[in-house]
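Me: I would like to learn how to read the features of a model such as this one, going from the general idea to the particular case. Could we look at it together?

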Amino acid sequence: MNSEQAPGLYIHIPFCQSKCFYCDFYSSTSLSALPSFLEALFKEMEIYSSQFSSFDTVYIGGGTPSLLSHQQLERMLVGIKENFHLTSNTEITIETNPADLNRSYLESLREIGINRLNIGIQSFDQDVLRFLGRRHSLTQAISAVEASRKAGFRNVGLDLIYAVPGQTIDSWLDTLKQAVAFAPEHLSCYQLTLESKTPLGKRYEAGEFSIPGEDWQYEFFMKTSQVLEDAGYIHYEVSNFARETRHTSRHNQKYWDHSPYLGLGPAAHSFQENRRSWNYRSVDQYITGINGGNLPIEETETLTMEQLRLEALYFGLRTKKGIHLQDFKNFYDYDLFAEKRMILSKLQEEGLISIQNGHLCPTPTGLAVADSLSLI
Ligand code: SF4
C-alpha cells in the first residue's frame, strides 16, 4: 500500500445534458439541481478539511464537468484551496465534452489553474458518433482539439472508443490516425461494452446488431497498441497511452497502486489505509444527506490483506511497469514469486509475462488478456 504518497482528490459532477446510448454511469440530465449540488459539494469539502491536508492531484470528472461555467469551476477551485493545501506541482484535470469547448472558455479554464484537459472525442467518424448517441459532432471534435492548443493547453488527453458495431478495423485506424495527427500528450482507448440497461444494450438484446467476437476485439486491441507505439506513445496501461512518461495520468496511478484518495460528490469513492467508502449515487440523496449535517456515505468496506493483494495483482498486471516483487512482498505480506513459481514460468513460456530486474510485467500480448492474468 502506498499510504505515504500524497492523496489525490476526485470531484464527481453528476450531470450530463443528454445520455449517450452506451452509458451506464449515474448522471442526471436534470440540470436544475446543479446550484444546490455545488452548495452541498462545498459543505462536503469543509467536512473533510480536517481529515485531508494536502493533495497533489485533482481530477474533476463526471458526468460532464464542462457543463459548468468557468465561474462555477473557479469557485470550486477556490473552495478546494480554502479547505485543503495543493502542492505546487498539482496535476489538475478536467473531463470535457467537445460540444462545450471553445477557445475563450478553454483560456479561462487555464487561467483558473486547470493544467490537464481530457476531451471525450470517442471517434473521428460522424457515423460512429451518431451510433453512440454522442452530443457532439465530428466538426466540434476537431475544433475542440484545435481550440485546446490555441488556448495554451500543453497536456491534452483524448478519449476514444473502439470495437463499435459496424466499425471496421480500417475505420478505427483512421480515427487513431486523426487523433495522432493532433499529437495529444495522452490517449485513452476503451473497448465499447454493452450494458443491458442502456439503449444500445437493449437494441443488441433485440438482435438489431451483432458485436465483434473475441478474435476481432483482440485484433482491435493489438493493432491499437502497435499503431500508437509506432507513433511514439507508451502503452502504459491496458487502455492508456502517453507520449512521454511525464504525461501518464498521475491521478489514475493512485487508483492502481492503493495510494489514498478522497472522492467528493455523488457516487464518488474514497480510499485510505485499507478502507474504501462511496457516496450515494443519487444527487437528491447526496444533497439531502449533506444538508442534514451527515456525510453522504452509502457504504464503507474494510479490505482484508488478501483482498488488497488481489486488487494489487489485478491493477499491477494491467500496467506496463507491472509489479515490483519485493514491494509486493513488503506491502502485501506475500512472496508472489515463491508462491506462484510454476504458473509464472508457464505464463513466461507462453509469452504473456516477463520477469526482469525484480519486476513481473505483462508483455503486450499479456496486456490484451490482463484480466485473466490476474487470476493466477
Ligand atoms: S457524457 Fe459521459 S457520463 Fe454523460 S452520458 Fe455520455 S458517456 Fe455518460
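This is a predicted model: local features need pLDDT of at least 70, side-chain atom pairs count only at pLDDT 80 or more; totals for chains, interfaces and linings use all residues.

Me: How many residues does the largest nonpolar core have, and which of them have the most contacts inside it?

Reply: In soluble globular proteins, nonpolar side chains tend to be buried together. A nonpolar core here is a set of buried Ala, Val, Leu, Ile, Met, Phe, Trp, Tyr and Cys residues joined through side-chain atoms within 4.5 Å, where buried means under 20% relative accessible area, exposed over 50% and partly exposed in between, with a 1.4 Å probe and protein chains only. The largest has 69 residues, and Met76, Ile80 and Leu109 have the most contacts inside it. Its largest share, eight residues, is supplied by helix H1 (residues 34-48); helices (H or I, at least four residues) and strands (E, at least two) are DSSP runs numbered from the N terminus. Another core, of 20 residues, lies apart from it and includes Phe271 and Leu344.

Me: Is strand S5 enclosed or open, and why?

Reply: In a regular strand the side chains alternate between the two faces of the sheet. Strand S5 (residues 156-162) is largely enclosed by the rest of the structure because seven of its seven residues are buried. On one side these are Val156, Leu158, Leu160 and Tyr162, and on the other Gly157, Asp159 and Ile161.

Me: Which strands pair with S5?

Reply: Strands of a sheet pair through backbone hydrogen bonds, either parallel or antiparallel, and two strands count as paired if DSSP finds at least two bridges between them. Strand S4 (residues 116-122) runs parallel to S5 and is joined to it by four bridges, with Gln122 opposite Leu160. Strand S6 (residues 186-191) is also parallel to S5, through six bridges, and there Tyr190 is the bridge partner of Ile161.

Me: In what order do the strands of the open sheet with S13 lie?

Reply: The order is S13-S15-S14, with antiparallel pairing; S13 (323-324) and S14 (353-356) are the edge strands, each pairing on one side only. S14 and S15 (residues 359-362) share four bridges, and Ser354 stands opposite Cys361.

Me: Are Leu262 and Ile376 buried or exposed?

Reply: Leu262, in strand S9 (residues 261-264), counts as buried because its relative accessibility is 0%. Leaving aside neighbours within four places in sequence, its contacts (heavy atoms within 4.5 Å) include Tyr10, Phe52 and Phe84. Ile376, in the segment after helix H16 (370-373), is buried as well, with a relative accessible area of 19%. Not counting residues up to four places away, Ile376 touches Leu313, Lys340, Ile343, Leu344 and Leu347.

Me: Which residues are around the ligand?

Reply: A residue is taken as near a molecule if one of its heavy atoms lies within 4 Å of it. Those around the ligand are Cys16, Ser18, Lys19, Cys20, Tyr22, Cys23, Gly63, Thr64 and Arg134. The shell divides into four nonpolar, three polar and two charged residues, where Ala, Val, Leu, Ile, Met, Phe, Trp, Tyr, Cys and Pro count as nonpolar, Asp, Glu, Lys and Arg as charged, and the others, Gly among them, as polar.

How values were computed. Residues are numbered from 1 along each chain as its sequence is written. Side-chain values use heavy atoms; hydrogens and water are left out.
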